[in-house]
Amino acid sequence: MTHAMLKGSNVPLEATAVRAVLRWTSGQGVPDVDASALLLGPDGRVRSDEDFVFYNQPRHPSGKVWRLGKKRVTDGLTDTIQADVSGLGPEVGRVLLVASADDVPFDHVPALRILLYDASAAEGEPLAHFDVKPETGAETALICGELYRRGEGWKFRALGEGYSNGLVGLATDFGISVDESEPAPTPPPPGPMPAPEPSFPPPSPETSFPLPPQQPPQQQPHGTSHGTSRGASHGAEPAPQPVAATLHQPAPQPVAQPSYGYPPAAPTQPAPAAMPVPSTQPAYGYPQPVQGPPDPNFALPPQGPQFISH
């Protein structure tokens with residue numbers, strides 16, 4: 001016969017080992033529920049942290065209380081704690097059966113129920129069940145019920161007491177040392193690195209190339225024209241004068257005498273260097289000034305009979 005229990009009610013247990021099954025309806029927005037157990041001494045507190053059986057410590061060192069794990073059933077999901085109450089020593093007076101919901105209030109967990117089965121029977125109806133309803137809806141951990149020692153036997157009581165500070169607050173209240181320091185979150189892997197900016201070497205100072213020494217403009221000595229120099233062959237280029245050479249007046253060159261019968265040419269004076277050479281021709285009848293050295297290939301025209309000597 002199954003006992004439908006109310007909050008605060010209790011029933012004696014004839015079984016020596018029991019399975020406490022938490023069951024709830026799953027769905028969108030429903031948190032995951034975990035079952036755990038605390039073994040309390042006569043003073044109502046744990047003896048050590050080993051008396052806390054939960055998902056990170058699924059079995060008590062005595063081997064008498066352990067967590068069986070979760071299953072999916074027709075009515076939803078289950079998580080189970082099994083306890084061999086007949087094998088527990090006198091130092092354990094109570095076993096709390098706890099449900100926690102990952103810091104999500106239990107008003108988001110529909111149809112939460114605890115069912116108590118005889119662990120020695122493979123199948124069968126539950127010995128008792130209790131529909132756990134949070135008082136405020138803000139609880140994130142609930143003591144659904146407890147197995148407690150009464151004389152030589154054990155009983156089960158329906159409780160439904162909640163904690164708004166979750167499993168940590170509940171465990172601390174019964175003497176569990178909870179390390180609330182969490183490891184530093186692992187940083188996410190880096191994304192693609194931006195393409196590196198192209199680096200250019202710093203601009204080097206301008207390379208200066210030595211210029212050749214500037215040659216001062218070659219001065220022409222007085223008495224010479226800008227063409228060929230006196231005494232040079234017709235069409236010959238004048239030899240360049242060294243920069244450091246001292247300029248001097250050239251020796252006067254002899255003027256060739258004209259042939260017989262021609263008037264002597266008027267002596268010419270060298271034109272000043274700064275004076276421009278007149279471009280106009282002298283009047284008719286005057287002798288032409290000598291503009292350069294006599295042409296060695298020059299020949300007189302044929303002479304008339306009046307100039308032939310007898």
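**Notebook: two sheets and what lies between**

I began with an open sheet of six strands, ordered β1-β10-β9-β3-β7-β6, with mixed pairing. Its edges are β1 (3–4) and β6 (65–73), each with a single partner strand, so one side of each has no neighbour in the sheet. For my own reference, helices (H or I, at least four residues) and strands (E, at least two) are DSSP runs, numbered from the N terminus. Two strands pair if DSSP finds at least two bridges between them.

A note on what I'm looking at: this is a predicted model, where local features need pLDDT of at least 70 and side-chain atom pairs count only at pLDDT 80 or more, while totals for chains, interfaces and linings use all residues. Residues are numbered from 1 along each chain as its sequence is written, and side-chain values use heavy atoms, with hydrogens and water left out.

Next I looked at one pair inside this sheet. Strand β3 (residues 18–24) and strand β9 (residues 113–118) run antiparallel and share six bridges. Val18 has Asp118 in β9 as its bridge partner.

I also checked His129, which sits in strand β10. Is His129 buried or exposed? It counts as buried, at 16% relative accessibility; the cut-offs are under 20% relative accessible area for buried, over 50% for exposed and partly exposed in between (1.4 Å probe, protein chains only). Setting aside neighbours within four places in sequence, His129 is in contact with Thr2, His3, Ala4, Met5, Arg113, Ile114 and Leu115. Contact here means heavy atoms within 4.5 Å.

I found another open sheet of six strands, in the order β2-β12-β11-β8-β4-β5, with antiparallel pairing. Its edge strands are β2 (10–13) and β5, each pairing on one side only.

Then I listed the partners. β4 is joined to strand β8 (residues 94–100) by seven antiparallel bridges, with Leu38 opposite Leu96. Two bridges pair β4 with strand β5 (residues 52–53), also in the antiparallel sense, and there Ala37 stands opposite Val53. β8 in turn pairs antiparallel with β11 over seven bridges; in β11, Glu146 is the bridge partner of Leu96.

In helix α1 (residues 166–173), I noted Gly166, Leu167, Gly169, Leu170 and Ala171 as buried. What do the buried residues of α1 pack against? They pack against β4, β5, β8, β11 and β12 (153–163). Just after α1, Gly175 takes a positive phi of about 95°.

I looked up the nonpolar cores, meaning sets of buried Ala, Val, Leu, Ile, Met, Phe, Trp, Tyr and Cys residues joined through side-chain atoms within 4.5 Å. The largest has 38 residues, and Ile114, Leu147 and Phe156 touch the most other members. β3 gives the most to this core, with four residues. A second, separate core has 16 residues, among them Leu96, Ile143, Leu170 and Ile176.

Beyond four places in sequence, the contacts of Leu147 include Leu13, Val18, Val85, Leu97, Leu116, Trp154 and Phe156.

I counted one cavity of 30 Å³ or more. On a 1 Å grid over the protein atoms alone, a cavity is a set of points where a 1.4 Å probe fits but cannot get out, and lining residues have an atom within 4 Å of a point. Grid points are joined across faces, edges and corners, and a volume is the space filled by probe spheres set on the points.

The largest cavity has a volume of about 40 Å³. Which residues line the largest cavity? I wrote down Ala20, Leu22, Ala35, Ser36, Ile81, Leu97, Val98, Ile114 and Cys144. β3, β4 and β8 each supply at least two residues of this lining. By type, the lining has eight nonpolar residues, one polar and no charged; Ala, Val, Leu, Ile, Met, Phe, Trp, Tyr, Cys and Pro count as nonpolar, Asp, Glu, Lys and Arg as charged, and the others, Gly among them, as polar.

How values were computed. 1 Å grid on protein atoms, 1.4 Å probe; cavity = no way out; pocket = protein on both sides within 12 Å on 5 of 7 lines; lining within 4 Å.
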